[in-house]
Amino acid sequence: MADRNVDILIVGAGPAGSSAARAAALSGARVLMVDRRETIGVPVQCAEYIPAMLLGGIDSKKAFISQKVEGMKTYCQGGPTSFTRSPGYIISRDRFDQTLALAAQTAGARILTATRAVSRLDSGTVVLKQKSGETLEVHPFIVIGADGPRSTVGNWIGVLNDQLLPGIQMTYALTAPLDHTEVYFHPDIHAGYGWVFPKGNVANVGIGIKKNDQAPTRIRKTLDDFIHRLKLERRIEGDPLGHAAGWIPAQKVRRAVHGQIALVGDAAGHTHPITGAGIFAAVTGGRMAGKWAGRAVREHDIDLLARYDDEWHDLMGDTLERGINRRREMETHWDNFHEIVQRCWVAYRAYYA
């Protein structure tokens with residue numbers, strides 16, 4: 001028999017899920033958040049940058065901060081270097097996720113780790129399976145899918161991220177400290193870019209790339225070539241100290257609410273299609289989804305959940321729409337490298353024209 005003492009089930013305990021869980025719990029809803037990982041935030045699948053403005057809404061000692069950065073340098077092969085002032089922080093993403101999850105738990109949300117959402121029955125009952133083999137059933141009023149770019153919850157309602165870009169990074173020692181992030185464009189990094197994000201004496205060094213059907217690219221070789229160039233320029237040194245990989249959704253703007261189910265963060269395709277940035281959208285969208293889900297529970301009016309769609313679209317819709325349009329241009333005209341980078345990267349004025 002399904003446990004009916006759950007108003008809102010949240011699948012995924014990343015920034016989107018935990019932000020939604022906290023907001024919903026604060027509204028008085030009975031919230032259960034589940035995550036398939038045994039330890040929240042592990043493994044890390046992120047370049048670990050957040051904008052400075054995001055810290056204002058996080059009530060904690062912020063022990064997850066690795067270092068502050070003042071802006072971003074953009075390097076384009078054969079072109080001028082550009083500096084964009086964009087204050088932010090490089091974080092330890094696992095600690096960040098754990099901080100947000102603890103805040104949700106403190107607000108009253110229950111959390112189960114090592115627990116997968118397996119299926120949703122026609123009755124609305126959701127079947128959960130724990131790593132121990134135990135099966136649980138819950139019957140929530142609302143389900144929030146915050147389970148990443150390959151969302152199980154999205155699959156239940158036929159809303160899939162079908163445009164996924166692979167991202168891969170290694171951690172290396174820096175030869176000198178950096179107070180900014182670095183972004184590199186090179187013809188070999190097809191319709192994407194390389195990055196160096198400093199964390200004290202080390203840096204996350206990676207690439208996000210579009211697979212090219214006409215000229216298949218070996219992603220790891222492209223990363224190795226990028227790392228080799230950085231070593232020749234004496235930016236980084238030594239052997240890799242860690243690695244991470246994941247998928248970056250690059251979806252067109254679409255609805256995130258489907259009846260009693262809402263999607264947030266990467267599951268909703270709210271990642272920026274050009275930069276790959278997604279933490280701000282995940283936290284902000286999660287708060288919105290949790291707030292409206294909590295109100296829908298309190299007033300027992302499922303139609304209120306659709307207000308989340310309206311609110312996130314007002315805040316992020318135009319930005320994501322421009323991003324997806326620029327991404328399509330970038331992918332189509334990459335052979336016109338210098339002109340398309342100027343038009344399709346956020347550091348240049350032409351991007352906003």
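Modeller: A residue counts as buried at under 20% relative accessible area, as exposed at over 50%, and as partly exposed in between, using a 1.4 Å probe and protein chains only. By that rule Tyr184 and Phe226 are both buried. This is a predicted model, where local features need pLDDT of at least 70 and side-chain atom pairs count only at pLDDT 80 or more, while totals for chains, interfaces and linings use all residues. Residues are numbered from 1 along each chain as its sequence is written, and side-chain values use heavy atoms, with hydrogens and water left out.

Biologist: How many aromatic pairs does the structure hold?

Modeller: A pair of aromatic rings is described by the distance of the centres and the angle of the planes. Rings of Phe, Tyr and Trp (its six-membered ring) pair if their centres lie within 6.5 Å; planes under 30 degrees apart are stacked, over 60 edge-to-face, and the rest tilted. Here there are eleven aromatic pairs. Take Tyr184 and Phe226: their ring planes stand at 65 degrees, with the centres 5.4 Å apart, so this pair is edge-to-face. It joins distant parts of the chain, as Tyr184 sits in strand 12 (residues 181-185) and Phe226, 42 residues apart from it, in helix 4 (residues 219-232). Helices (H or I, at least four residues) and strands (E, at least two) are DSSP runs, numbered from the N terminus.

Biologist: Which residues do ring pairs link into a cluster?

Modeller: The cluster consists of Tyr49, Phe185, Tyr193, Trp195, Phe197 and Trp345.

Biologist: And Tyr351: is it buried or exposed?

Modeller: Tyr351 is buried, at 2% relative accessible area. Tyr352, by contrast, is partly exposed, with 45%. For a charge over a ring, look for NZ of Lys or CZ of Arg within 6 Å of the ring centre and within 35 degrees of the ring normal. Arg326 does this over the face of Tyr351, at 5.6 Å from the ring centre.

Biologist: Let us turn to the backbone. Which peptide bond is cis?

Modeller: The bond from Val42 to Pro43 is cis, with omega near 5 degrees. Pro43 belongs to the loop between strand 2 (31-34) and strand 3 (49-51). Also look for a positive phi at a residue that is not a glycine: Ala191 has one of about 50 degrees, and His300 one of about 45 degrees. Ala191 lies in the loop between strand 12 and strand 13 (193-199), and is buried at 1% relative accessibility. His300 is in the loop between helix 5 (279-299) and helix 6 (306-332), and is exposed, at 62% relative accessible area.

Biologist: How many disulfides does a search of the whole structure find?

Modeller: A disulfide is a pair of cysteine sulfur atoms within 2.5 Å, and the search finds zero. For Cys344, the nearest cysteine sulfur belongs to Cys76 and is 12 Å away. Cys344 is buried, with a relative accessible area of 0%; Cys46 is buried too, at 15%.

Biologist: What joins the side chains of Asp97 and Arg93?

Modeller: A polar contact is a pair of N or O atoms within 3.5 Å; within protein, one must be able to donate a hydrogen and the other to accept it, and residues adjacent in sequence count only if both atoms are side-chain atoms. Between Asp97 and Arg93 the polar contact is 2.6 Å. Asp97 is buried at 2%, and Arg93 at 15%. For wider surroundings use contact, meaning heavy atoms within 4.5 Å. Leaving out residues up to four places away in sequence, Asp97 touches Gly14, Pro15, Ser18, Arg37, Ile40 and Gly41.

Biologist: Which residues touch the most other members of the largest nonpolar core?

Modeller: In soluble globular proteins, nonpolar side chains tend to be buried together. A nonpolar core is a set of buried Ala, Val, Leu, Ile, Met, Phe, Trp, Tyr and Cys residues joined through side-chain atoms within 4.5 Å. The largest one here has 54 residues, and Ile8, Leu9, Ile10, Val31, Ile142, Ile144 and Tyr308 touch the most other members. Helix 5 contributes the most to this core, with eight residues. Apart from it lies another core of 23 residues, including Ile90, Phe197, Met330 and Tyr348.
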